[in-house]
Amino acid sequence: MPDGTTAHDDRVAIEDVLYAYADLVDRACLDELMDLFTEHVVLDYGYGRLFTGRDVLRTLFADRLLATYTATSHHISNVRIAVDGDHATSTCHIHAWHRRADDGSQPEVWGRYDDELVRTVTGWRIARRTIRAAGERGFPIPDGQPSAFEPIDRHTNPADGDTDA
């Protein structure tokens, strides 16, 4: 922990990263959004769908935020954070609404982000994000998958050191 930084300061800074993510996604601000992640970030959408590296995420988000959806609204709640020096885990619940560009449909997901974060010289950054769903409606189902999002394991809490992976 840097001199003068308290555990409370770290938790507030990490919450700011989580809330900034939702805001920047909804405003489709790609450059600022990418700054929230480490260079070698891993985004886990479940069912083995891993996206690794900031450049890969930029391409993924550009497609989804600038081409696939004309609007999104992400809401974060129930934030839990555990800090251990320059590493932290967080879990938060999400509700994310989307409006598709192609047909105007409005898919939604209710779920959880489980994050691993690291302290960098520029602040806390997300090193790994695992997305799991409690429910979803209206998303196309990837080939060979039972749903668009892997379901939440209700009996784990990554913020307490328990992980789904």
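Does Glu15 count as buried, partly exposed or exposed, and what is its relative accessibility? Okay, Glu15 counts as partly exposed because its relative accessibility is 27%; buried means under 20% relative accessible area, exposed over 50%, and partly exposed in between, with a 1.4 Å probe and protein chains only.

Quick housekeeping. This is a predicted model, where local features need pLDDT of at least 70, side-chain atom pairs count only at pLDDT 80 or more, and totals for chains, interfaces and linings use all residues. Residues are numbered from 1 along each chain as its sequence is written, and side-chain values use heavy atoms, with hydrogens and water left out.

So, Glu15 sits in helix H1, residues 7-27. Helices (H or I, at least four residues) and strands (E, at least two) are DSSP runs, numbered from the N terminus. Glu15 also touches Val79 and Ile81, leaving aside residues up to four places away in sequence; contact means heavy atoms within 4.5 Å.

Tyr21 is buried, with a relative accessible area of 4%. Tyr21 and Phe37 make an aromatic pair, edge-to-face, 6.2 Å centre to centre with 90° between the planes. Rings of Phe, Tyr and Trp (its six-membered ring) pair if their centres lie within 6.5 Å; planes under 30 degrees apart are stacked, over 60 edge-to-face, and the rest tilted. Tyr21 is in H1 and Phe37 in strand S1 (residues 37-44), so this pair ties together parts 16 residues apart in sequence.

And the rings of Tyr21 and Tyr113 have centres 5.6 Å apart and planes at 85°, so that pair is edge-to-face. Ring pairs link Tyr21, Phe37, Phe61 and Tyr113 into a cluster.
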